2 protein chains.
Amino acid sequence: MNIKELEQEVKGLIREIPDFPVKGILFKDIMPVLRNPQVCNKIIRTFESVVRDWNGEVIAGIESRGFFFGPSVAFNLGLPFVPVRKVGKLPGDTVAVSYNLEYGTATIEMHSDAIQPGQRVIIHDDLLATGGTAEAAAQLVQKLGGQVAGFLFLVELDFLAGREILAKYSENIFSIVHYEK
Amino acid sequence: MNIKELEQEVKGLIREIPDFPVKGILFKDIMPVLRNPQVCNKIIRTFESVVRDWNGEVIAGIESRGFFFGPSVAFNLGLPFVPVRKVGKLPGDTVAVSYNLEYGTATIEMHSDAIQPGQRVIIHDDLLATGGTAEAAAQLVQKLGGQVAGFLFLVELDFLAGREILAKYSENIFSIVHYEK
């Protein structure tokens with residue numbers, strides 16, 4: 001798989017929506033990508049290959065856009081999928097982390113029994129911006145005794161330097177699509 | 001695939017959580033199912049076979065738990081995946097429907113360009129309760145000129161009779177797991 005070619009294919013499908021969800025944000029809308037199964041299958045194959053390289057044992061996908069590709073990658077590789085959800089969405093015992101977001105603040109949770117101690121967990125979301133959500137997910141994984149084995153994104157906004165925050169948790173950070181400005 | 005056997009396997013993984021999200025609801029938690037990739041792959045294969053039988057052309061998955069299996073089924077079959085989301089989550093032009101929920105009221109949206117006129121759309125969610133959300137999704141599909149080709153659920157609470165509501169939109173309604181009381 002040629003990653004650069006795939007990057008261009010995905011970029012050609014992403015729609016840019018100004019001032020969403022708040023004024024001043026140029027939102028990258030990946031919904032049109034989901035309408036192209038050929039491209040989605042290339043994305044999934046690419047993610048699978050990266051997860052194998054990193055010896056990932058669990059995929060933790062962040063609500064909700066981390067659910068579009070995360071489960072496919074997990075189940076194709078025979079791995080468990082664990083959702084990271086906004087506070088109050090998961091029933092039963094959970095652990096929580098609060099953090100600052102690009103716009104506002106938020107709290108995310110995982111089920112307390114979602115990760116086995118020592119498991120190599122891949123954290124996945126659709127987009128890496130400032131890294132706040134993915135960092136909070138990494139802290140959840142560590143709270144449960146898991147190892148952060150890497151971070152997997154479809155899109156990375158390089159100019160927001162989220163990668164520098166995440167490097168404290170794992171040197172494995174991969175995105176198919178990069179925006180430099 | 002033996003559906004009755006799969007039903008028992010899935011039931012064995014579902015956790016029942018009393019009084020979630022509100023008092024009096026015995027919530028069926030499917031998160032432990034997602035940690036068992038073998039069972040998830042059987043669920044996905046079963047859904048694929050049903051979508052093929054119904055000549056589905058698009059999978060519309062309802063936020064968020066309709067995103068766990070819906071994209072896998074769509075992409076494995078080479079079909080587009082279209083998310084049905086809570087109001088305000090989709091950027092750009094959308095159509096909306098408001099409806100009464102088992103507990104409270106809600107509005108859901110789809111992108112205005114998500115469905116082509118005449119396309120056979122399969123509506124998918126994790127659980128069929130009273131049918132309010134799935135009915136609203138069917139109305140969204142019809143607003144965009146699509147045909148409702150069927151409804152696909154992991155779990156159906158038979159005693160809430162949601163199926164009777166949905167039969168107005170399509171006679172094709174399939175769930176792997178049934179709870180009769």
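Student: Where in chain B does B:Pro21 lie?

Tutor: B:Pro21 lies in the loop between β1 (15-18) and β2 (26-29) of chain B, where strands (E, at least two residues) and helices (H or I, at least four residues) are DSSP runs numbered from the N terminus. This is a predicted model, in which local features need pLDDT of at least 70 and side-chain atom pairs count only at pLDDT 80 or more, while totals for chains, interfaces and linings use all residues. Residues are numbered from 1 along each chain as its sequence is written, chains are lettered from A and ligands numbered from 1 in the order in which they are written, and side-chain values use heavy atoms, with hydrogens and water left out.

Student: What kind of peptide bond joins B:Phe20 and B:Pro21, and what is the phi of B:Asp19?

Tutor: Most residues other than glycine have a negative phi, and most peptide bonds are trans. Here the bond joining B:Phe20 and B:Pro21 is cis, with omega about -5°, and B:Asp19, although not a glycine, has a positive phi of about 60°. B:Asp19 lies in the loop between β1 and β2 of chain B. In chain A, the peptide bond from A:Glu63 to A:Ser64 is cis, with omega near -20°, and A:Ser64 lies in the loop between β3 and α4 of chain A.

Student: How many strands does the open sheet of chain A have, and what is their order?

Tutor: Two strands pair if DSSP finds at least two bridges between them. The open sheet has seven strands in the order β5-β6-β4-β3-β7-β8-β9 (chain A), with mixed pairing; its edge strands, β5 (94-101) and β9 (173-179) of chain A, each pair on one side only. Within chain A, β7 (residues 120-128) and β8 (residues 147-157) run parallel and are joined by eight bridges, and A:Ile123 has A:Phe151 in β8(A) as its bridge partner.

Student: How much area is buried between chain A and chain B?

Tutor: The size of an interface is often given as the accessible area lost when the parts come together. Between chain A and chain B about 3,000 Å² is buried (accessible area lost, 1.4 Å probe, summed over both parts), and carbon and sulfur atoms give 59% of that area. In chain A, A:Arg35, A:Phe75 and A:Pro91 lose the most area to chain B, together 22% of what that side buries.

Student: How many salt bridges are there between chain A and chain B?

Tutor: The count is four salt bridges (a side-chain nitrogen of Lys or Arg within 4 Å of a carboxyl oxygen of Asp or Glu). One of them joins the side chains of A:Arg15 and B:Asp113, at 3.1 Å, N to O.

Terms used:
Buried area = accessible area lost by both parts, 1.4 Å probe.
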